[in-house]
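These are my notebook entries on one structure. I set down in order what I looked up.

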Amino acid sequence: MTTVFVKGLGLIGSTLIRAIRQKHPQYRIVGSDISTATLDFAIEQGLIDDAGTNLYQADQADFIILAGPVSAIVKDLHDLAQLELKPGVIITDVGSTKQTIIDAAQPLIERGDIFIGGHPMAGSHESGIQAGRVDLFKDAYYFLVPTSGSKGVSELKDLLSGLNVNWYLIHARQHDKIVAQLSHVPHVIATALMTQSAATFKDHRELLKLAAGGFKSTTRIAKSDPTMWSAIMHNNRELIVQQLDEYLNELQSLRQVIAADDQEKLFAVFSKAKADREELDH
């Protein structure tokens, strides 16, 4: 019987489990989490067949999925390297940065275990096992970072086929630069805008509730899990700072155009941004 071990039953981990359960109901799923309430919920809902903590039964698994924060994934990889795993096991993760994780997986890779980095490019500001759902990543891109040629890639795609995602194979450094611009910097911007707005209305916080759709859409991701995002900033800080500097230059340039009341330039800037954004929808 194929056994799947999943460590971390939060939003992403539980979504993967739901997809595996739906597509491969005959597979045995072992869940690991630091929260007893989460494990109890997973058992009660039939999401997993057995529950434990740390790397409980990971050495018996055909697939190992690490779905915690990046810092936890790095520790898990070091701990897995101390275990004798099942021959042919395929190990993957869902971390938002890849180079740090690939580096941590080197001892496993060097002894012949198959490690494929993974990262679904979708999510939610909600968190926890109850927020997971089988269609959370539907039609989104799912990065895969193979480390042993194509070995294990088709098997991992089949395991997670219930997610109905678009697979995108990529190198770790390239992945980290892309997500720094498209995911990490937007989170910094949302956080900064929310922080600055809260400070502006600190004496009349009720005024924040006057915000309409534009403000709410722009700052929605500031509601995400701070533990996860602190770890992301730590592990991809070089590329985030680099992309953030470019953004600040752009912001300063736009500020100067507004201060100069250069209507022709403003129209050109807004028109270009409008066209670029509309292209995303096609």
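**Entry 1: strand β4.** I began with strand β4, residues 63–66. The model is a predicted one. F63 and I65 point one way from the strand, while I64 and L66 point the other way. I noted that all four of these residues are buried.

**Entry 2: the partners of β4.** I then asked which strands pair with β4. Strand β1, residues 3–7, pairs with β4 in the parallel sense over four bridges. Within this pairing, I64 of β4 is the bridge partner of F5. Strand β5, residues 90–93, also pairs with β4 in the parallel sense, again over four bridges. Here L66 has D93 of β5 as its bridge partner. I recorded as background that strands of a sheet pair through backbone hydrogen bonds, either parallel or antiparallel.

**Entry 3: the whole sheet.** I followed the pairing onward from β5. β5 and β6 pair in the parallel sense over three bridges, and the bridge partner of I91 in β6 is F115. How many strands form the sheet, and in what order? Eight strands form an open sheet, in the order β3-β2-β1-β4-β5-β6-β7-β8, and the pairing is mixed. The edge strands are β3 (50–52) and β8 (166–169), each of which pairs on one side only. From one strand to the next, the twist averages 20°.

**Entry 4: helices across the sheet.** Helix α3, residues 70–80, lies across β1, β4, β5 and β6. Its direction is at about 150° to β4. Helix α7 lies across β6 and β7 and runs at about 150° to β7.

**Entry 5: α7 against α9.** I stayed with α7 to examine its packing with another helix. Two packed helices are described by the angle between their axes and the distance between the axes. Helix α7 (residues 172–200) and helix α9 (residues 226–235) pack at an angle of about 120°, and their axes are 11 Å apart. Because of this angle, α7 is oblique to α9. The crossing of the two helices is left-handed. Which residues make the contact? On α7 they are S183, H184, H187 and V188, and on α9 they are W229, I232 and M233. Sorted by class, the contact has four nonpolar, three polar and no charged residues.

**Entry 6: two residues with positive phi.** I looked up Q57, which has a phi near 70°, a positive value in a residue other than glycine. Q57 is placed in the loop between β3 and β4. Is Q57 buried or exposed? Its relative accessibility is 14%, so Q57 counts as buried. I then turned to D261, which has a positive phi of about 50° although it is not a glycine. D261 is placed in the loop between α10 (237–259) and α11 (263–279). Its relative accessible area is 51%, and therefore D261 is exposed.

**Entry 7: E126.** My last entry concerns a residue in the loop between β6 (114–120) and β7 (141–146), namely E126. The relative accessibility of E126 is 44%, so E126 counts as partly exposed. Leaving aside neighbours within four places in sequence, I found E126 in contact with L11 and A131.

Key
Residues numbered from 1 in each chain as written. Predicted model: local features only at pLDDT ≥ 70, side-chain atom pairs only at ≥ 80, totals over all residues. Heavy atoms only, no water. Axes fitted to C-alpha atoms, helices over the stretch in contact; angles between N-to-C directions. Parallel < 35°, antiparallel > 145°, perpendicular 65-115°, else oblique. Left-handed = near helix turned anticlockwise from the far one by under 90°. Contact = heavy atoms within 4.5 Å. Nonpolar A, V, L, I, M, F, W, Y, C, P; charged D, E, K, R; others polar. Buried < 20%, exposed > 50% of the residue type's maximum accessible area, 1.4 Å probe, protein only. Pairing = 2+ DSSP bridges.
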